[in-house]
Amino acid sequence: MRLPLESVPNFSEGRERATLDALASALSARARLLDVHADADHNRSVFTLVADDDDLLAALVAGVVCARERIDLRRHEGAHPRVGAADVVPVVPVRPGDMERAKRIALRLGERIGDELSLPVFLYGELAPGRGPAFFRSGGLAGLRRRTESGELAPDFGPGGLEERSGAVLVGARRPLIAFNVNLRGGLAAAREIAGLVRERDGGFPGVRALGLDLPRSGLVQVSMNVEDWEAAALHELVATIEREAATRGVEVIGSELVGLMPGGAAAAAAGAALRIEGFDASRVLELRLIEAAETDPA
């Protein structure tokens, strides 16, 4: 059974309803829109959509066109780092064996954005091993512009210069990840310390990227995470660590937040831990077993 490909484009708008609706309309004209997550403090939105290869490509091009027309980074402010109006556009295989499909579509997407829309495109993930969005976001859009002007970096597609209104587009192919945040009542310094303890770069959980962010509209702070390998870094273990470290700093854990969707196996692992069921994993979940059986059925 041929499964669709997934994409989770991130746009630098999380407040203006008309723009969010326009993005949803552009993306859903050729793809199935599964989820929209918009955050006013981050001033960012994350759309989750699935479609077959050509339809997904058309939907994503339409979404980037809409973002270029409606989002002006010169007036943008928000907690989340960004370098573009259509900031990050990953293509994700639902089934691990479809990574080559995802890479082909992501390359076609980057080429079309560069050639047809005249936006600079930088490749990341499986298309540029060792480079993730954080590699390009260091120093923000101004920092990326300096790096391109100095010759340190060059777009993979599109013009060599970055203009201030729309910035650049980061296009990649990657495995499914979980965007997961834990909100705290306390100081920003504590959130940043805890983020440093859980992220891989500083000796924390493997495959975890984390930032401590201020959420002024809600009066909270946040440990904002991308969990790139949920099998190596279980969500319930992350939350337990954050709760423990927050308690030692006199910080209160308010709750957690899932951005977009998550793999069923990750949810099963967390549920098994919460219920204390020994040996519980995705093989014990009825719906996941049925999907697996359908994929392997030769008929």
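This report describes helix packing, strand pairing and a few single residues in a predicted model.

**Two helix pairs**

Two packed helices are described by the angle between their axes and the distance between the axes. The table gives these values for two pairs in the model.

| Helix pair | Residues | Angle between axes | Distance between axes |
|---|---|---|---|
| Helix 1 and helix 2 | 17–28 and 53–70 | about 155° | 8 Å |
| Helix 6 and helix 7 | 188–198 and 235–248 | about 140° | 10 Å |

Angles over 145 degrees count as roughly antiparallel. Helix 1 and helix 2, at about 155°, are therefore roughly antiparallel to each other. Helix 1 passes helix 2 in a right-handed crossing. On the side of helix 1, the contact is formed by Ala18, Thr19, Ala22, Leu23, Ala26 and Leu27. Helix 2 contributes Ala59, Leu60, Ala62, Gly63, Cys66, Ala67 and Arg70. Sorted by class, the residues of this contact are ten nonpolar, two polar and one charged.

Helix 6 and helix 7 pack at about 140°, which makes helix 6 oblique to helix 7. The crossing of helix 6 and helix 7 is right-handed. Ile194, Leu197 and Val198 of helix 6 meet Leu238, Thr241, Ile242, Glu245 and Ala246 of helix 7. Six residues of this contact are nonpolar, one is polar and one is charged.

An open sheet is built from four strands in the order 9-10-8-11, and their pairing is antiparallel. Strand 9 (208–215) and strand 11 (252–259) stand at the edges, where each has a single partner strand, so one side of each has no neighbour in the sheet. Direction ignored, neighbouring strands of this sheet are turned against each other by 20° on average.

Strand 8 (residues 178–185) runs antiparallel to strand 11, and seven bridges join these two strands. Phe180 has Leu258 of strand 11 as its bridge partner. Helix 6 packs on this sheet and touches strand 8, strand 9 and strand 10 (220–227). The direction of helix 6 makes about 175° with that of strand 9.

Strand 5 covers residues 86–93, and eight of its eight residues are buried. In a regular strand the side chains alternate between the two faces of the sheet.

Strand 1 (residues 5–7) runs antiparallel to strand 5 and is joined to strand 5 by three bridges. Within this pairing, Glu6 stands opposite Val92 of strand 5. Strand 2 (residues 10–11) is paired with strand 5 as well, in the antiparallel sense and over two bridges. Asn10 stands opposite Val88 of strand 5. Strand 7 (residues 169–173) runs parallel to strand 5, with four bridges joining the two. The bridge partner of Val89 in strand 7 is Val171.

Which residues does Phe122 touch beyond four places away in sequence? They are Phe136, Leu144, Thr148, Leu153, Ala154, Pro155, Asp156, Leu162, Ala168, Val169, Leu170 and Val171. Phe122 lies in strand 6 (residues 121–125). Buried means under 20% relative accessible area, and Phe122, at 1% relative accessibility, therefore counts as buried. Phe122 and Ser7 are 115 residues apart along the chain, and their C-alpha atoms are separated by 17 Å.

Arg147 is placed in helix 5 (residues 140–149). Is Arg147 buried or exposed? Arg147 is buried, because its relative accessible area is 12%. Leaving aside neighbours within four places in sequence, Arg147 is in contact with Phe135, Phe136, Ser138, Glu152 and Leu153. Phe136 and Leu153 are also among the residues that Phe122 touches.

Asp21 is found in helix 1. With a relative accessible area of 42%, Asp21 is partly exposed. The C-alpha atoms of Asp21 and Ala51 are separated by 19 Å, and the two residues are 30 residues apart along the chain.

Conventions. Residues are numbered from 1 along each chain as its sequence is written. This is a predicted model: local features need pLDDT of at least 70, side-chain atom pairs count only at pLDDT 80 or more; totals for chains, interfaces and linings use all residues. Side-chain values use heavy atoms; hydrogens and water are left out. Axes are lines fitted to C-alpha atoms, for helices over the stretch in contact, and angles run from 0 to 180 degrees between N-to-C directions. Angles under 35 degrees count as roughly parallel, over 145 as roughly antiparallel, 65 to 115 as roughly perpendicular and the rest as oblique. A crossing is left-handed if the near helix is turned anticlockwise from the far one by less than a right angle, and right-handed if clockwise. Contact means heavy atoms within 4.5 Å. Ala, Val, Leu, Ile, Met, Phe, Trp, Tyr, Cys and Pro count as nonpolar, Asp, Glu, Lys and Arg as charged, and the others, Gly among them, as polar. Buried means under 20% relative accessible area, exposed over 50%, partly exposed in between (1.4 Å probe, protein chains only). Two strands pair if DSSP finds at least two bridges between them.
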